[in-house]
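Please walk through this structure one region at a time. We begin with a pocket and then turn to packed helices.

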Amino acid sequence: MSHFKKFLASRATESAAGRKAIVKHIGEEGHEILHHLKAAAIKFSSVSTGKEMKLHIMKLIMKVAVLVDNGELRQDEATEATQPTLELARLIMDAMHTEDLEARTGFAAGIKAKMEELHGMLLPVLQSKMKASNAGRFTTVVEFFGNEEFLRKLLSEDEYYDDREAIHRNLNLVLSATQPNHTTSQLDEQRRMKRLEHFKTILENPTMRSFHGDTYGASVWDDWLLENKKEALAQRQFLLQVTDFAKIQNRGLLAKRAERLVDNYILTGKVPVSDAAKEEVQTAIETGNVRKNLFDRVREEVTASLETVFNEEFLTSETFEQIKEESLAVQGAGDDEADGLEMDDDDE
C-alpha cells in the first residue's frame, strides 16, 4: 500500500486532481506563492525552467505528504529546521516590505545564506526517507531560487513587481495561519485585516498598477469604471486579455486570439489606438508574424489612456475619497484586535 501511495504521489502533479491535492497540503496562499515563483523563474530563465521548478516543488510536497501519512516521517525529525524556516520567511517579508531599492536588493545575500542553512539541515532527513532522485529535487530548487542573481532581480526589477507583491501578500497570510491557538473565525478576521493593511498602503500612494495588483483595489476600480466610465472599462478588459494573450504557448491559438482581439477591440474603436500601432498589428497578422509581444505598442497606448482616467477622474472622485476614509477607519479600528491576537500568540 505504501508503494502504491508513493506511485500516486509521483503522478498526482500531472493532473488537475493533483493540483487540487497540492492546494490541500499548502493552501490557496501556498499555491499562489508557488504560481508566482514559477512566473518569476520564467522571467529569469525560460518557460521550461519555470515549469520544471514548479514540478520539483509539487513532487516534493506530495512525497513528503505520503511519508507523513505513512508515519515514515515524524514532525520531531525536522524540528531543528522550524526556527530557521520562520526566520527565512520573515527575512523575505522584510525584504519585500523595504521601500528603499538598494536596501531591499541587499537582502539577497542573507536570503541565500538562510536557504543554504536550511538545505544543510533538511537534505539529510530527505535522503534518509526517499530516493536520491527525489531528495535531489530539493537541492535543485534551493540552488535555483537561492541564486543571488535571481534574488536580486526578484527583489528589485519592475518586471517582477506583481510576483513580488503576490509572494509578500500570501506569505504574510501563511505566517498568520501558522500561529497557534487561532480559531477559524480569528484566522478569517486576521486574513481580512492583512488584506486591508495591504490595501491601506496602496491608498497612501495610489497608482493604477498597484490597484490592479490588489484584490480590493481591482474590485473598487472596476466597479467605478462600470458605473462611471464604461468605455474605459473596455480598455481595462482589453489589457487583461492582452496579458493572457502573452501567456499562450501554441502559435496557432496565438494567431486566432490575436485576430479576435483586433476584431473585438481595435477595429470596433473600443480602445484608443494610433493608426501606426493599428497598422503594425494588422500587418503582423496578415503576414503570419504573430508573436507574444504583438500588442506591446497598443498596450502602452491604452495603458496611458486608462492611467489618465485613473489619475484625473477616479482619484478625484467621491467614490475614491469615501473608500479611502472607510478603509482607513476600518484599519484603525482593527489594529488593536490584530495586536491582541499577536500578544496571545506570544503568550505574553
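The second largest pocket is lined by 34 residues, and Lys-43, Asp-162, Thr-243, Lys-247 and Arg-299 lie nearest its centre. A pocket here is an open set of points on a 1 Å grid over the protein atoms alone, where a 1.4 Å probe fits, with protein on both sides within 12 Å along at least five of seven lines; lining residues have an atom within 4 Å of a point. Its volume is about 1500 Å³, taken as the space filled by probe spheres set on the points.

This is a predicted model: local features need pLDDT of at least 70, side-chain atom pairs count only at pLDDT 80 or more, and totals for chains, interfaces and linings use all residues. Residues are numbered from 1 along each chain as its sequence is written, and side-chain values use heavy atoms, with hydrogens and water left out.

α2 gives the most, with seven residues. By class, the lining has nine nonpolar, seven polar and 18 charged residues. Ala, Val, Leu, Ile, Met, Phe, Trp, Tyr, Cys and Pro count as nonpolar, Asp, Glu, Lys and Arg as charged, and the others, Gly among them, as polar.

The axes of α13 and α16 come within 10 Å and cross at roughly 140°. Axes are lines fitted to C-alpha atoms, for helices over the stretch in contact, and angles run from 0 to 180 degrees between N-to-C directions. That angle makes α13 oblique to α16; over 145 degrees would count as roughly antiparallel, under 35 as roughly parallel, 65 to 115 as roughly perpendicular, and the rest as oblique. In α13, the residues that meet α16 include Phe-238, Leu-239 and Thr-243. Their partners in α16 include Arg-299, Val-302 and Leu-306. This contact (heavy atoms within 4.5 Å) has eight nonpolar, four polar and two charged residues.

Helix α16 (residues 296-314) also packs against helix α15 (residues 275-286), at an angle of about 150° and with axes 9 Å apart. α15 is therefore roughly antiparallel to α16. Ala-276, Ala-277, Glu-280 and Val-281 of α15 touch Arg-297, Val-298 and Glu-301 of α16. By class, that gives four nonpolar, no polar and three charged residues.

One more pair lies elsewhere in the sequence. Helix α4 (residues 82-97) and helix α6 (residues 108-129) have axes that come within 10 Å and cross at roughly 160°. So α4 is roughly antiparallel to α6. Leu-88, Leu-91 and Ile-92 are among the α4 residues in this contact, and Ile-111, Met-115 and Leu-118 are among those of α6. The contact has nine nonpolar, two polar and three charged residues.

Notes: Helix = DSSP H or I, 4+ residues; strand = E, 2+ residues; numbered from the N terminus.
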